[in-house]
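Hi,

Here is the structure I promised to pass on.

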Amino acid sequence: MTKRFFAVLLSVLPLAALASSEGGLLPSHANINDQASLQRGATHFMDYCAGCHSLQYQRYSRLAKDLGLSEEQVNAFLNRNGAKFADTVVASMTPADATVWLGKAPPDLSLVARNKPGGADWTYNFLKSFYVDEGRPAGWNNLLLPNASMPHVLWELQGIQRPIYESGEGEAKVAHLQLVSPGTLSAEQYDAFARDLTAFLQYVGEPAALERESIGVWVLLFLVFLTLLTWLLKHEYWRDVH
Ligand code: HEC
């Protein structure tokens, strides 16, 4: 029995390692239980993303509850277009205008941190992978989303990255990106900025995860208690048998 268990365990271990290194994404270390990080991420989102992207399942009232903010704070710091407290987050720009301007309507970001391969780490790496590309209409490209229609809206913070190509025959492939002009944030600060945004989008993808994790602790404690009780009960029964 134990032998078989270990055999199965050994056979899935390499798979687990493979899954965790999905596509060479850097780990975001985003933490949805860090409320200060979620608050910063929400502010960043409203500052830099909500102009184009909506969050169609996310209500301001729910944000207040989950991020530990009052209605007044949400209206002062997060609600930028006079939406009602019970409304969902709607992009300031209409999809039609965005399509004219960018050639593509910006997708709703409610589920992006769940739907991409690599989960939330994808979003984090996406925000770090913009580079200048004169061949693109907006002048930007992205390693994770080739020919992306999204301009690098955070370039003033991160600075400007240029692609360094792999030497060799055939089609030019980007080996890595090099920061050629620094932004207002240091590399560490930009990573933290991207991490907060990623944590926020991960939370938005599944707000119930916050509750589930806190319930999880109680479920485990309950199971421990139940095990103890069953054990005591067993002793009680067997006492009569002996
Ligand atoms: C000027 C408008 C604009 C702004 C501002 C903007 N985006 Fe985008 N974004 C787009 C467009 C357009 C696309 C679609 C790109 C494509 O598929 O080519 C996109 C795509 C994305 C995607 C990929 C979604 C998918 O399903 O493939 C992510 C993630 C994303 N944006 C995150 C952000 C974040 C985070 C911010 C704020 C820091 C932001 N965007 C700000 C226009 C914008």
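Leaving aside its neighbours within four places in sequence, which residues is Ser-129 in contact with? They are Asn-141, Asn-142, Leu-143, Leu-144, Gln-161 and Leu-177, where contact means heavy atoms within 4.5 Å.

Before the rest, two caveats. This is a predicted model, with local features needing pLDDT of at least 70 and side-chain atom pairs counting only at pLDDT 80 or more, while totals for chains, interfaces and linings use all residues. Residues are numbered from 1 along each chain as its sequence is written, and side-chain values use heavy atoms, with hydrogens and water left out.

Back to Ser-129: you'll find it in the loop between helix H7 (120-128) and strand S3 (130-132). (Helices, H or I with at least four residues, and strands, E with at least two, are DSSP runs numbered from the N terminus.) Ser-129 is buried, at 10% relative accessible area; buried is under 20%, exposed over 50% and partly exposed in between, with a 1.4 Å probe and protein chains only. Its side chain reaches the backbone oxygen of Asn-125 at 2.5 Å.

Now the ligand. Of the 22 residues around it, Cys-49, Cys-52, His-53, Ser-149 and Met-150 come nearest (a residue is near a molecule if one of its heavy atoms lies within 4 Å of it). That shell divides into 18 nonpolar, 2 polar and 2 charged residues. Nonpolar covers Ala, Val, Leu, Ile, Met, Phe, Trp, Tyr, Cys and Pro; Asp, Glu, Lys and Arg are charged; the others, Gly among them, are polar. A side-chain N or O atom of Lys-104 is 2.9 Å from a ligand oxygen, and one of Lys-116 is 2.9 Å from an oxygen atom of the ligand. A backbone N or O atom of Ser-149 is 2.8 Å from a ligand oxygen. Helix H5 (95-102) and H7 are the elements that give two or more residues to the shell, and H7 gives the most, with 3 residues.

Most residues other than glycine have a negative phi. His-29 has a positive phi near 55 degrees; it lies in the loop between helix H1 (2-20) and H2 and counts as exposed because its relative accessibility is 61%. Asn-147 also has a positive phi, about 60 degrees. Asn-147 sits in the loop between strand S4 (140-142) and helix H8 (155-158), and is partly exposed at 47%.

Cheers

Methods:
A polar contact is a pair of N or O atoms within 3.5 Å; within protein, one must be able to donate a hydrogen and the other to accept it, and residues adjacent in sequence count only if both atoms are side-chain atoms.
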